[in-house]
Amino acid sequence: METTQTTSQTTSQTASQPNARKAIFKDANFRWLIGGGMLSMLGDQFTLIALPWLVLKMSNDTLILGIVLALISVPRALFILIGGAVVDRYSPKTVMMLTKYINTALLGILSLLLFIGHLELWMVYVLALGLGISTAFSIPSGTSMLPRVVPGAQLQSANGIMLGLRQFTMFIGPVLAGLLIALFGTQNTASQGTVSDAHGLAAAFLFDCFSYAFSAWTLSKVTMNTSVSANQPGQQAGSGTLELLQSVLAGLRFCWNEKQLRSCFIYWAAIAFFIMGPIQIALPVMANQLSNSASALGLLAGAHGAGTLLGMALSGIRPGLRFGNLGRTILLIDFIVGLLFIPMGLINASWQGAGILLAVGTLGGFLHVAVFTWIQRQVPPQMIGRAMSMFMFIFMGIGPVSAAFTGWLMRSVTIPQLFMSSGILLVAIVLLALLLSPMAEVSDRSASV
């Protein structure tokens with residue numbers, strides 16, 4: 001699924017001046033870009049809800065669900081550095097247009113096969129793999145678009161608007177997707193060879209298909225800033241490849257040698273493994289058990305998205321809110337999240353889960369802004385891109401491994417046992433980090449690097 005969000009540097013730039021925000025909307029170039037981009041981001045949320053629901057309806061196997069999610073996420077993580085190199089060598093608009101056409105075709109095929117009842121699991125595997133590889137190229141092209149579209153003086157404002165819209169679609173998209181699937185779905189027992197909720201799921205995928213086609217059209221109207229040009233194809237191809245590898249290695253060495261950064265990355269890797277899997281795998285299963293309706297999954301995911309948006313807003317209003325320092329704030333918030341996870345599997349109504357996920361999302365959204373701002377201050381400007389790529393790789397690479405492992409684990413454990421174990425492990429990780437790592441010493445102050 002395409003992610004048209006801007007670079008990580010945008011997180012601390014959302015407090016733009018009101019007149020700058022008004023000025024940017026007068027730019028027709030920006031309006032073309034953001035109009036299609038918002039619809040595409042909304043469509044992504046439809047697929048994020050419909051795909052796990054589809055896999056569960058086809059297989060009723062959490063391991064298969066984990067495999068499908070891994071087929072999307074692992075190629076995205078493995079190829080994202082290559083995607084960045086391609087974007088640097090060619091026009092990001094050209095690369096993004098190509099990924100939009102590919103995703104339009106893939107989602108169109110998926111919705112058609114589902115609608116006529118000829119979809120099989122191996123086809124879902126192939127389509128998921130194609131979406132994952134395409135996303136590895138759409139992410140770096142999306143993050144490179146804005147600096148080549150809007151004037152430099154308006155870049156901060158444009159970034160803040162794009163980030164806010166992304167979070168808004170994460171809030172409203174799952175709810176709309178769940179309602180659409182429930183509205184057009186077939187709740188009765190499916191006949192052999194068909195999938196229950198097939199028409200609703202096909203409608204959700206078709207909406208995402210349309211969003212890609214529409215955003216490709218709006219992107220074709222965007223004029224790139226010719227003063228920022230990509231490398232010419234074929235120019236010093238061998239040397240460029242070698243320089244890319246050397247640059248990646250230099251970034252890895254920097255992240256490892258910087259004590260606090262290394263500690264944070266190791267800590268976040270543990271968090272990604274023990275939390276992302278349960279959220280991605282267990283939530284669809286829980287929604288299926290609670291009401292056997294995609295609207296329940298939409299409510300749960302929407303509550304988490306709403307909390308994330310609320311937390312980001314809180315961080316913008318109170319950017320200096322800390323419990324001692326940033327490190328202790330991270331540990332305290334993750335400790336609370338762990339405690340919230342423990343009873344998550346015991347809920348018996350969707351609204352109870354939505355309440356817990358709203359709180360989890362709020363805490364996570366607040367940390368999202370604080371952590372990105374800290375990395376900006378901690379890392380020299382020439383290293384920020386590589387440091388953030390490493391940060392993204394942690395969640396894009398470890399997250400799908402966690403999802404696959406969780407899917408296998410859920411063959412032998414229950415939902416309450418899974419959430420309770422994840423919550424207890426998260427609390428244990430926090431305590432170990434407090435006692436054995438420099439996490440509690442992490443400060444908002446810039447390091448001398």
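Visitor: Which residues is Q167 in contact with, leaving aside its neighbours within four places in sequence?

Guide: Q167 is in contact with G305, T308, L309 and M312; contact means heavy atoms within 4.5 Å. A word on the ground rules: this is a predicted model, so local features need pLDDT of at least 70 and side-chain atom pairs count only at pLDDT 80 or more, while totals for chains, interfaces and linings use all residues. Residues are numbered from 1 along each chain as its sequence is written, and side-chain values use heavy atoms, with hydrogens and water left out.

Visitor: Why is Q167 called buried?

Guide: Buried means under 20% relative accessible area, exposed means over 50%, and partly exposed lies in between, with a 1.4 Å probe and protein chains only. Q167 has a relative accessible area of 2%, so Q167 is buried. Its place is in helix 6 (residues 155–184), where a helix is a DSSP run of H or I of at least four residues, a strand is a run of E of at least two, and numbering starts from the N terminus.

Visitor: How far apart are Q167 and L310, in sequence and in space?

Guide: They are 143 residues apart in sequence, yet their C-alpha atoms are 9.3 Å apart.

Visitor: What does the fold of the protein chain consist of?

Guide: The secondary structure comes to 14 helices and zero strands. Of the 449 residues, 54% count as buried. Among contacts between residues at least 6 apart in sequence, 87% join residues at least 24 apart.

Visitor: What makes a group of residues a nonpolar core?

Guide: A nonpolar core is a set of buried Ala, Val, Leu, Ile, Met, Phe, Trp, Tyr and Cys residues joined through side-chain atoms within 4.5 Å. The largest one here has 90 residues, and L54, L114, L201, F205, Y267 and W268 touch the most other members. Helix 9 (residues 259–291) gives the largest share, 15 residues. A second, separate core of 17 residues includes I24, I161, L165 and M224. In soluble globular proteins, nonpolar side chains tend to be buried together.

Visitor: Which residues does S111 touch, not counting residues up to four places away in sequence?

Guide: S111 touches A202, F205 and L206. S111 belongs to helix 4 (residues 92–116), and its relative accessible area of 6% is why S111 is buried.

Visitor: How many disulfides are there?

Guide: A disulfide is a pair of cysteine sulfur atoms within 2.5 Å, and by this rule the count comes to zero. Among the cysteines, C264 has a relative accessible area of 0% and is buried, and C209 is buried at 11%.

Visitor: What makes up the nonpolar surface patch?

Guide: L78, F79, I82, L129, I133 and F393 make a patch of about 500 Å². Helix 3 (62–89) and helix 5 (121–145) each give two or more residues to it, and helix 3 gives the largest share, three residues. Patches are made of residues with over 30% relative accessible area and no salt bridge, with like charges joined within 9 Å and nonpolar side chains (Val, Leu, Ile, Met, Phe, Trp, Tyr) within 5 Å. A salt bridge is a side-chain nitrogen of Lys or Arg within 4 Å of a carboxyl oxygen of Asp or Glu. Areas come from the Shrake-Rupley method with a 1.4 Å probe, and for residues only the protein chains shown count as cover.

Visitor: Why is F79 called partly exposed?

Guide: F79 has a relative accessible area of 33%, so F79 is partly exposed.
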